[in-house]
Amino acid sequence: MSSNEQTCTQPIGLDVGTSRIVVARREGKKYQFEAQLNAFITLPYSKLTHSLLQREEVFHEVEGEEIVVAGNDAQRFAEVFHVETRRPMRRGVLNPQEPHSLAVVRRLITKLLGNASEGARVLFSVPAAVDHQEDGLSYHEVSIGQILKALGYAADPIEEGLAVVFSELAGSNYSGFGISCGSGLCNVCLAVLSVPVISFSIPKAGDFIDSHASAVTGERATRLRVQKELSFHMNGFGGDRVQNALTVYHDDVIHTLTSAMRSKIATAQQLPKLHRPVPVVLSGGTAMPKGFLDRFIAALHTLDFPVRISEVRLSDDPLNATARGALMAALASDRTYANAAVA
Ligand SMILES: Nc1ncnc2c1ncn2[C@@H]1O[C@H](COP(=O)(O)OP(=O)(O)OP(=O)(O)O)[C@@H](O)[C@H]1O
Ligand SMILES: [Mg+2]
């Protein structure tokens, strides 16, 4: 695999997600996004396969007896070769059970970012801890930081929920709830004037929905996922058992998430006084199905929620919100860009 030859000086936002890695850059007044699937396949090495992959310009690397195809090409070639894609990450962090995890993430980040000159600033998303469990979070954070530093970046982590606050809540002076419902986790951050007050994650999101709906319907999880992304909407129960199973597990995510929000706030030791009602913004792929927002709002209403809410809405760009917010936070903390960033 050849690394990106460009050297970068501008601040960058990087979302290291369980199913996708997204990079955000600013070009003029616009934000530009680029994404790679955080997945790979391995094929047995042969000279012929290797030269065919080279000829087709497939993103791959030879590792001993294996060829590793990573990123968006992994999905394409999984279908061609009838193999399952594997994931370097699980529940928001590098998967310790997967020997290729670090190498694949390094290659994908290198491909997306290239080398930095003059220590360009990168903020990369990390999940908030799941209920005091360490679960490889420090290892993950340090490893991603090292990958970025080796490329020449000045890298710092930003919690995913806080990145969503930066992306979506400029209108309320960066006060309110930023939520990302992703693949491995749902991440939540309540911030006041951009300072995180409560951050946590729950280990139920898209992968939980896929695997549980798969178990009760007998459909393969990857097929379910495709169906979910193409045509699923949460408009109640009907005759279709896949649709029904997906509804049950989306509801499970919504109820676990809203109950956790309620109990975290109720038990918080030092919650600052919120003088005004605050907004809630949902982002991430799992919040995208039609009806998800309405069911989330209904669940909040039934809970006698301890904080006054001004509005609940879905991000305009749910799959890029984390990377965009990381970029906005990087711009805001970079002296050269600070004045232009908070627009
Ligand atoms: N249009 C869609 N409708 C329903 N679900 C979707 C859609 N697009 C993506 N998803 C689901 O959203 C999840 C991926 O979301 P996202 O890209 O926000 O996660 P991630 O950032 O990679 O993961 P995490 O934040 O948990 O580490 C997957 O479970 C995917 O199936
Ligand atoms: Mg995410």
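Reader: Which residues of α5 meet which residues in α10?
Author: In this predicted model, Glu160, Ala163, Val164, Phe166, Ser167 and Glu168 of helix α5 are in contact with Ala321, Thr322, Arg324, Gly325, Ala326, Met328 and Ala329 of helix α10. Sorted by class, the contact of α5 with α10 has seven nonpolar, three polar and three charged residues.

Reader: And how do the axes of α5 and α10 cross?
Author: The axes of α5 and α10, the latter covering residues 321-332, come within 7 Å and cross at roughly 75°. Angles from 65 to 115 degrees count as roughly perpendicular, and the two helices α5 and α10 are therefore described as roughly perpendicular to each other.

Reader: Which strands does α5 lie across?
Author: Helix α5, residues 160-168, lies across β2 (12-16), β11 and β12, and α5 runs at about 90° to β12.

Reader: What is the strand order in the sheet with β2, β11 and β12?
Author: That open sheet has five strands in the order β4-β3-β2-β11-β12, and the pairing within it is mixed. The edges are taken by β4 (30-37) and β12 (154-159), each of which has a single partner strand, so one side of each is left without a neighbour in the sheet. From one strand to the next, the twist averages 20°.

Reader: How many bridges join β11 to β12, and do they run parallel or antiparallel?
Author: Strand β11, residues 121-126, is joined to β12 by six bridges, and these strands run parallel. Within that pairing, Val122 of the one strand stands opposite Ala155 in β12.

Reader: Changing topic, what is the strand order in the open sheet that has β13 in it?
Author: The order is β15-β14-β13-β16-β17, which makes an open sheet of five strands, with mixed pairing. Here β15 (195-202) and β17 (309-314) stand at the edges, and each has a single partner strand, so one side of each has no neighbour in the sheet. Neighbouring strands of this sheet are turned by 15° against each other on average, if direction is ignored.

Reader: How many bridges are there between β13 and β16?
Author: There are four bridges between β13 (residues 176-181) and β16 (residues 278-283), and the two strands pair in the parallel sense. As one example of facing residues, Ile179 stands opposite Leu282 in β16.

Reader: Which strands does α8 lie across?
Author: Helix α8, which covers residues 241-267, lies across β13, β14 (186-192) and β15, running at about 140° to β15.

Reader: Next, Thr18: where is its place, and is Thr18 buried or exposed?
Author: Thr18 sits in the loop between β2 and β3 (20-27). Its relative accessible area is 6%, and since buried means under 20%, Thr18 is therefore buried.

Reader: What does Thr18 touch?
Author: Leaving out residues up to four places away in sequence, Thr18 touches Asn38, Arg87, Met89, Arg90, Arg91, Gly92, Ser183, Gly184 and Asp207. Thr18 and Leu37, which are 19 residues apart in sequence, are 9.0 Å apart in space, taken from C-alpha to C-alpha.

Reader: Zooming out, how many helices and strands does the protein have, and what is its radius of gyration?
Author: The secondary structure of the protein comes to eleven helices and 17 strands. Its radius of gyration is 20 Å, which agrees with the value near 20 Å for a compact globule with 343 residues. The C-alpha trace spans about 65 × 55 × 35 Å along its principal axes.

Reader: What share of the residues is buried?
Author: Buried residues make up 50% of the 343 residues. As for contacts between residues at least 6 apart in sequence, 67% join residues at least 24 apart.

Notes: Residues are numbered from 1 along each chain as its sequence is written. Chains are lettered from A and ligands numbered from 1 in the order in which they are written. This is a predicted model: local features need pLDDT of at least 70, side-chain atom pairs count only at pLDDT 80 or more; totals for chains, interfaces and linings use all residues. Side-chain values use heavy atoms; hydrogens and water are left out. Two strands pair if DSSP finds at least two bridges between them. Axes are lines fitted to C-alpha atoms, for helices over the stretch in contact, and angles run from 0 to 180 degrees between N-to-C directions. Contact means heavy atoms within 4.5 Å. Angles under 35 degrees count as roughly parallel, over 145 as roughly antiparallel, 65 to 115 as roughly perpendicular and the rest as oblique. Ala, Val, Leu, Ile, Met, Phe, Trp, Tyr, Cys and Pro count as nonpolar, Asp, Glu, Lys and Arg as charged, and the others, Gly among them, as polar. The radius of gyration is taken over C-alpha atoms; the globule rule is 2.2 Å times the number of residues to the power 0.38. Buried means under 20% relative accessible area, exposed over 50%, partly exposed in between (1.4 Å probe, protein chains only).
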